[in-house]
Structures are given as C-alpha cells and as structure tokens.
Amino acid sequence: MTQLPLRAQLASALGRTAATLSRATGRGDGSVIGGRVGLALEPDLLRKLARDRRLALVSATNGKTTTTRLITSALQELGDVATNAFGANMPAGHVSALSSAKDAPYGVLEVDEKYLPEVIETTGAGVVVLMNLSRDQMDRAAEIWLLAQKWRRALVARNTHVIANADDPLVAWGASTAARVTWVSVGQPWKEDSWCCPECGGPLDRGGMDYVPPGGHAPGVAVRQADGSVPAAPGSPAGPGGPGGGLAENDWACRECSFRRPAPSWFLDGDTVVDPRGQRWPLDIRLPGRANRANAVVALATAEAFGLPVQRALPRLAEVTSVAGRYTTVEREGRQARLLLAKNPAGWLEAFDVLDPALPVILSVNAQGPDGRDTSWLWDVDYRVLRGRPVYVTGERRLDLALRLDVAEVPFQLTESFGHALAVQPQGKVDVIANYTAFQQIRSEFGRAV
C-alpha cells in the first residue's frame with residue numbers, strides 16, 4: 001500500500017485518537033467522530049485512504065449492514081478487511097473504517113443510498129453491490145426513483161463491477177448503465193414501491209407475488225396469463241436456460257416499453273444458492289429468515305467477484321451470528337429478548353418472517369432524525385400477522401403505533417418504556433422489533449449488545 005502523505009497521516013492519527021476517546025468516555029463507538037476529525041484536517045482523506053485497496057461498496061434500503069458483514073467475513077479468507085461494522089455509512093464513517101485498518105488490502109463499506117454516487121467518485125471502488133430500494137425516511141431522503149437515477153449517472157463510463165438484484169426493477173434500472181453487471185435473483189418480497197416502470201412510467205407485469213396486499217394473490221402463486229399458463233423468465237431456474245425447476249415468481253417486464261428483468265446468473269432457491277455454473281450449494285448460515293438467505297447469496301456473488309470461490313466463502317458466512325445487535329439475544333431477570341431491527345415497511349415484512357409465532361412480541365417505534373419524523377409509513381405495514389399473540393407497544397411514538405394496531409384489530413398492551421414492557425413478560429423468550437433509534441436505545445441498555 002502506498003504511504004499516505006504527511007498531512008493525511010496526521011489527520012488519520014488524530015481521527016483514531018478522537019474515536020478512542022469517544023469509546024473510552026462512553027460517548028459512542030467512535031465510528032463517526034473519528035472520521036469527522038480526519039476530514040476536517042484533510043478534506044480529501046477518504047480518497048487517499050481508499051487508494052490501492054480493493055473496495056466493495058454495499059448500498060440498499062434494507063440489509064446493507066448485514067450484507068456488508070457477510071461479505072467482510074467471506075473476504076477475510078483472503079486477508080485483512082477494513083469495514084464500517086457498526087453501520088456508520090456516510091463519508092465520516094468510511095474514513096474511520098479505512099483509517100482504523102490502514103494496512104488492510106481489502107475494504108467493504110456500507111454506503112447510504114443517497115451518498116453512493118459521491119463515494120463511488122471519491123474511492124474509485126472496483127465493486128459496487130446494489131440490493132433493493134424502497135421508501136425510507138421520506139422527510140430526509142429523495143424519492144427512490146431519483147436515487148436510482150443518481151446511481152445510473154454515477155455508474156456511467158466507470159470500470160466498475162456491479163453486483164445487483166435483478167428482481168428489483170429500480171435496482172435493475174439503476175445498475176443498467178454499468179460496464180459490467182452480475183445479476184442476482186434473490187426476490188423482492190416488498191413490491192409496493194415498484195409497480196411502475198422506471199424507464200417509461202408504464203405498468204410492470206409481474207411473474208409472481210411474494211408480498212400479498214389485501215385482496216391480492218395467495219403467497220407463492222404466480223400470476224397466470226389468460227390461457228392459464230405461468231411465464232418463466234429467460235435464464236431463471238424455471239425458464240429457458242435455467243438450472244432448475246419450479247414457478248418463476250420473480251420475473252417482471254414493462255407493458256409499454258422494452259425494459260424487463262435481466263437474466264440472472266445467481267439464484268436463491270429456498271435454502272439453496274445456485275451459482276452461475278448451475279451448481280447448488282446449501283445455505284448453512286446462522287442468521288435467520290429469508291432476507292438473510294438473500295443477503296448470503298449477494299455476499300457469495302460479491303466474494304466470487306474478488307476471486308474467492310463459493311466453497312471457500314460459504315463456511316465464512318456461517319461464522320456470522322449477529323450484526324451490530326441485530327438478532328442478538330439479551331437477558332434480564334430470566335427473560336431472553338431477541339432483538340430485530342425494522343426501519344420501514346419492507347423491513348417490517350422481513351422481521352415478521354423471522355418471528356416465533358409462539359412468543360410474545362414487543363414493538364418499539366421512535367421518530368427521531370435518523371428514523372424520519374414522519375410515521376405515516378406505519379399504515380403501509382400489514383400488522384394483522386400479529387393477531388393471536390401477546391403484543392406490547394412502547395417507544396416515543398407508541399400512540400401512533402397503537403392506533404395503527406387498533407385499526408388492524410390487533411390486541412395490544414401499551415407500556416411506558418421498553419424496560420416496563422420486558423418486566424411484565426413471564427420468564428422465558430420474547431421477540432423485540434424496533435426501528436432505528438429505538439433499537440439503539442435498547443442496545444444501550446444492554447451495553448450496546450453486538
């Protein structure tokens with residue numbers, strides 16, 4: 001690795017010192033303040049720290065922290081990896097991550113969707129991972145179509161290898177200007193933000209439904225044509241040239257222009273990943289739920305882009321058991337609480353997928369700056385899945401959530417705090433779903449559980 005200029009070395013060292021002091025004084029994990037100090041002293045520090053490293057940037061609305069962790073675990077098979085493990089996904093966090101592992105030849109950086117074009121330009125990353133786009137923090141972020149448009153512009157005329165989810169139309173559109181794309185089929189359970197073609201605005205026809213809106217199709221039943229047939233996507237496991245069988249549930253195409261789902265080379269098929277050579281690999285990972293199996297497929301495709309074959313990468317994925325507190329189980333007075341993060345409608349759908357139906361659930365919602373001040377998104381979440389189990393509601397915006405549950409006819413108990421909600425549980429297990437700042441507050445009660 002090229003030695004940093006003296007000014008950059010000084011900025012990096014002072015940033016690391018600030019991060020250490022932040023951790024020592026209990027002010028935070030230091031992943032932001034260190035970068036801010038470094039950038040104040042050397043505004044071009046991120047570019048200099050990224051030079052001569054093989055970098056992957058990971059961006060999405062949901063799952064980017066977990067996928068970053070999985071890719072990092074896989075690439076550690078090749079050598080040291082710099083990464084922003086706790087989700088500080090803006091340039092200050094990237095500076096802290098690269099500065100804290102200044103000799104690591106590899107880097108995997110989670111990147112906020114809005115900042116991705118800037119970070120691509122600054123770092124010159126060779127690999128960019130794009131997974132999904134859905135509404136999130138609408139009072140802060142742009143419309144997701146505008147984000148996808150910025151991604152398109154950022155990838156034009158760049159020698160960048162993009163790993164992209166072919167099943168999300170907005171992601172496919174955003175990635176389509178890249179010089180090289182590896183398309184991955186991992187599904188799109190939340191489709192409510194992408195029924196219109198991002199190219200022309202026309203309606204999108206879907207090959208199947210994972211998410212079922214009221215009055216929609218049954219789960220797992222593909223949308224049939226007038227003659228009763230079910231179309232299969234070219235290159236999909238069920239389609240022409242595909243490696244397997246079954247219904248094509250993830251195909252989509254615009255009814256009014258030529259834009260359609262690109263043919264993927266990697267597939268998630270239940271608990272199995274199908275690689276570009278048609279070989280099937282059981283996904284033996286310890287993170288729960290379909291969303292994490294999808295994240296694992298993306299991680300394997302990314303690892304192969306770095307020259308790491310599946311047989312070497314896959315065992316590394318099984319080493320990941322929790323991610324920045326997600327899926328961690330914490331204990332207090334005989335009660336074991338499993339922590340799940342859900343920040344938006346798509347995230348809540350994923351959290352519901354991993355709930356234990358036999359357990360009570362605590363729901364906690366805030367509306368601070370990092371969450372987005374507007375809680376109207378709660379009305380897009382179908383909470384009826386919670387009927388029939390004990391539900392406890394807390395958080396700064398517990399009344400907003402309580403009203404939503406009442407309309408959904410989900411019985412619940414309102415509590416003043418997470419501590420009170422946990423205290424009224426019988427000894428044993430309980431699931432917890434919280435949005436971002438509520439989740440971090442709960443983690444802090446348990447020493448920032450990881």
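Tutor: A helix here is a DSSP run of H or I with at least four residues, numbered from the N terminus. Please bear in mind that the model is predicted. Just after α1, glycine 26 has a positive phi of about 75°.

Student: What makes α1 a helix, and how does its reach compare with the expected span?

Tutor: The run must hold at least four residues, and α1, covering residues 6–24, has 19. From first C-alpha to last, α1 reaches 27 Å, close to the 27 Å expected at 1.5 Å a residue.

Student: Which residues of α1 are called buried?

Tutor: Buried requires under 20% relative accessible area. Ala8, Ala11, Ser12, Gly15, Ala18, Ala19 and Ser22 of α1 are buried.

Student: How do you know on which side of α1 they lie?

Tutor: They cover an arc of only 125° around the axis, which puts them on the same side of α1. On the other side, Leu6, Leu10, Leu21 and Ala24 are exposed, a term that requires over 50%.

Student: What covers the buried residues of α1?

Tutor: The cover includes α2 (33–41), α3 (45–50) and α5 (91–100).

Student: Which residues touch the most other members of the largest nonpolar core?

Tutor: Members must be buried and joined through side-chain atoms within 4.5 Å. Among the 44 residues of the largest such core, Leu57, Leu98, Leu116, Leu130, Leu133 and Val162 touch the most other members. Helix α7 (residues 144–155) gives the most to this core, with 6 residues. A second, separate core of 39 residues includes Ala74, Val129, Ala301 and Ala303.

Key:
Residues are numbered from 1 along each chain as its sequence is written. This is a predicted model: local features need pLDDT of at least 70, side-chain atom pairs count only at pLDDT 80 or more; totals for chains, interfaces and linings use all residues. Side-chain values use heavy atoms; hydrogens and water are left out. Helices (H or I, at least four residues) and strands (E, at least two) are DSSP runs, numbered from the N terminus. The expected span of a helix is 1.5 Å times one less than its number of residues. Buried means under 20% relative accessible area, exposed over 50%, partly exposed in between (1.4 Å probe, protein chains only). The arc is that of the directions from the helix axis to the C-beta atoms. Contact means heavy atoms within 4.5 Å.
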